[in-house]
Structure formats: structure tokens, C-alpha cells
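Here is a short briefing on one protein chain. Look at the sequence and the structure first, then read the points below.

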Amino acid sequence: MRRGRDRLLTQLRPHVSDERVLQAVHDVPRDRFVPARLASDAWDNVPLPIGSDQTISQPLIVARMCELLALRGGERILDVGTGSGYHAAILARLGAHVWSVERHPALSERAAQNLAAAGIDNVTLLVGDGSQGLPAEAPFDAINVAAAASTVPLALEAQLVEGGRLVVPVQEDEQRLVLIRRTADGFERRSLERVRFVPLVS
């Protein structure tokens, strides 16, 4: 298992420079977030099926999205699309607390078991429409969206603090990561690398 973790970090280092992110990827046991039959593949840099027509994202994409959020340890984070709970687990190692929203109750229940097995206790799981964010807990320092939107969800932008960051895959002519930062004057947007996520359903 240790060799698998080290091999994965070797593959990520050319693309991810944030050492805190790399350490979180190393420390969070990805094998606890995949079906038991796929545990031997957990440290490969590939997405894997987790049920309900969903996947656990490729570690490189998880690491890049976390790096783009530029977390330093004290942030309140919203995670849209819990899935297996793996992305929330990485975010939880990097920030203060994560609220993670999933529309499939079965996945949310399984994510709770996965997070407990991994010893992570600073994630609050909710079932609902993540595209609307979580107004009751807003504003957030960082928002991560693990599903592709047709446009940047305005409800999520509105729930950022000034200086807050949102990273979301957006499907236009092609699907790309988009990084949004809230400033005193509005929002700054950057379109980045191509990715492939399931659609964000509201």
C-alpha cells in the first residue's frame, strides 16, 4: 500500500506543486473510498466506479482542484457532489470544516461510512441539490464542485466570501475547469484545463 501511495505522488508531482495537497493525497486512504473489489486499484491515477452511475475522480483532478482553491488550513468549505466522500476527505485535511452535499442518499450514507473508516470527523454530509449551495451555512471561503455545470451556478458564486474561490467544471464547447475568485469589485474567472465530469443535476 505504501508503494502505491508513493507511486501516485510521483505521478502527481509534475502537475501539482502545493505540498500540502500532495501530503493530503498521500495521507487520505483512497482504498477506504472505493468498493472492496477495487481496493487493489485504489492508488492508481484513474477514476473508478462507486455505484449510482458515479465515479471517484482521478486523483490528479482532485489534487488540481484542491490546489486551485489555495487552502491554508482555516477555511470553511462547501463541496458539491459528495460521491464516495474522497474529495471531501482531501478538502477536510486542507481546511477547517467541509459541508458536502450529495443528491443520492445511498452515496451519502456510504460516504459517511468511508469518512469514519478513514478517521475524518470534520465533514458534515447533507442530501440535497448542491447546485443551490447551502445558504444556511454560507458564506464559504472555498467551494468545490465535482460535477459539470452548463454555466457557473450563480447561487454558488453568491455564497463566497470576498476573496473566496470556487472551482467548477463548466461544459461549453468542451468541458474545462473554471476558477472564480470573488473580489471587492465582482468576480474574476479563469478557464483552465480540460476535464471530464458527470453533469451537475439540479
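What share of the contacts in the chain with a separation of 6 or more comes from residues 24 or more positions apart? The share is 51%. The model is predicted, and the points below go from the whole chain to single residues.

**Overall form**
- The chain contains 6 helices and 9 strands.
- A compact globule of 202 residues would have a radius of gyration near 17 Å, and the chain agrees with this because its own value is 16 Å.
- Along the principal axes, the C-alpha atoms fill a box of roughly 50 × 35 × 35 Å.

- Of the 202 residues in the chain, 52% are buried.

**Nonpolar cores**
- In soluble globular proteins, nonpolar side chains tend to be buried together.
- In this chain the largest nonpolar core has 49 residues.
- Val25, Phe33, Tyr86, Ile90 and Ile120 have the most contacts inside this core.
- Two or more residues of the core come from each of these elements: helices H1 (2-12), H2 (19-27), H3 (59-68), H4 (86-94) and H5 (105-117), and strands S1 (48-51) and S8 (175-183).
- Another core, of 17 residues, lies apart from the largest one. Among its members are Trp99, Ile143, Ala149 and Leu160.

**Helix H4 and Tyr86**
- Helix H4 is mostly covered, with 8 of its 9 residues buried.
- The buried residues of H4 are Tyr86, His87, Ala88, Ala89, Ile90, Leu91, Ala92 and Leu94. Two of these, Tyr86 and Ile90, are listed among the residues with the most contacts inside the largest core.
- Leaving out residues up to four places away in sequence, Tyr86 touches Val25, Val28, Arg30, Phe33, Ile56 and Val62. Val25 and Phe33 are also on the list of residues with the most contacts inside the largest core.

**Arg64 in helix H3**
- Arg64 is located in helix H3.
- Is Arg64 buried or exposed? Arg64 has a relative accessible area of 16%, and buried means under 20%, so Arg64 counts as buried.
- Arg64 touches His15, Val16 and Glu193, again leaving out residues up to four places away in sequence.

Definitions and conventions:
Residues numbered from 1 in each chain as written. Predicted model: local features only at pLDDT ≥ 70, side-chain atom pairs only at ≥ 80, totals over all residues. Heavy atoms only, no water. Core = buried A, V, L, I, M, F, W, Y, C linked by side-chain atoms within 4.5 Å. Buried < 20%, exposed > 50% of the residue type's maximum accessible area, 1.4 Å probe, protein only. Helix = DSSP H or I, 4+ residues; strand = E, 2+ residues; numbered from the N terminus. Contact = heavy atoms within 4.5 Å. Rg over C-alpha atoms; globule rule 2.2 N^0.38 Å.
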